[in-house]
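Here are my notes on this one, in numbered points. Have the sequence and the model open beside you as you read.

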Amino acid sequence: MVLMPSMPSMIDARNAMLAADLARFGGANADLLWLAFSERGYGAQASAASSQDTDPIPDFSSPEHDNATLVFDAIAKDGSPVPVNADVFAGDYDARATPIADTDPATTAPNLDDTVPIVPSMAYVHGNNASRYRAYNFVANAPGYGHVRFAVQALKPGEVRHVTIRFPTNWASQSQGATAAGDGDFHEGLIDDTENTNWARPARRSRASRSWSSSAAAVRSRSRR
Ligand SMILES: [Ca+2]
Ligand SMILES: [Ca+2]
């Protein structure tokens, strides 16, 4: 703790723990520390602008281990030859996270290519499901194709693993021509292929005025209360 700056980012906290191990134990635990950090996205190339950064850049590679490499490809399940421009996120959810890869050749920035160096996972603990302990979980989404969740199991040191993500077409997507209308706000949030955005139900009204509201969305919304 004393090695951390005030208002540390998670990266600052990682660096302080590595420095403490170096100062006190001559770096004897560096491999274990880097493994634990890298498995959780705090690898050597991870970065955050500040402790307030809500879009830090994750990295899953370790400077102490023989990393594996993931190479992502995305295709449409129905055989459409149109390229699927997918964003790939580590974990189970694409909101409040930044991608670790994408399959869109037009985008270039850290983590926006199709190749991910990644430390072979020994214990990516997420939930209580034992089958997940040797796997990395991912979610990918693409305009017109919704999202796909998948796991990559048992990576080996130095392995290059090609992962093809097969997307079902989402005919209820605005990218496939769907439209949404009705009560509430942010209708496009229903049909934009990402859980990051949501429809908002109508603001609460008095009982008298609410009884006049009869769209399907409003009826469903009331029945859940
Ligand atoms: Ca790209
Ligand atoms: Ca949405």
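1. A quick orientation on the sheet: L70 sits opposite V116 in β4. Strand β1 covers residues 68-76, runs antiparallel to β4 and is joined to β4 by four bridges. Strands here are DSSP runs of E of at least two residues, helices are runs of H or I of at least four, and both are numbered from the N terminus. Two strands count as paired if DSSP finds at least two bridges between them.

2. Before going on, keep in mind that the model is predicted: local features need pLDDT of at least 70, side-chain atom pairs count only at pLDDT 80 or more, and totals for chains, interfaces and linings use all residues. Residues are numbered from 1 along each chain as its sequence is written, while chains are lettered from A and ligands numbered from 1 in the order in which they are written.

3. What about the other partner of β1? β1 and β7 pair in the parallel sense, over eight bridges, and D73 stands opposite T164 in β7. Put together, the open sheet has three strands in the order β4-β1-β7, with mixed pairing. Since β4 (115-118) and β7 (160-167) are the edge strands with a single partner each, one side of each is left without a neighbour in the sheet.

4. Now helix α1, residues 10-25. Its 16 residues should span 22 Å at 1.5 Å a residue, and the end C-alpha atoms are 22 Å apart, so the two agree. The expected span is 1.5 Å times one less than the number of residues. Just after α1, G26 has a positive phi of about 65°.

5. Is G144 buried or exposed? G144 counts as buried, because 20 C-beta neighbours lie inside 10 Å. (The cut-offs: buried means 20 or more other C-beta atoms within 10 Å, exposed means 12 or fewer, partly exposed is in between, and C-beta atoms are placed from the backbone.) G144 belongs to the loop between β5 (135-142) and β6 (146-153). V84 is 60 residues away from G144 in sequence, yet 8.6 Å away in space, C-alpha to C-alpha.

6. Most residues other than glycine have a negative phi. R96, between β2 (87-90) and β3 (101-102), has a positive phi near 50°. D193, in the loop between β7 and α3 (207-210), has a positive phi near 70°. R96 counts as exposed, with 8 C-beta neighbours inside 10 Å, whereas D193 counts as buried, with 23.
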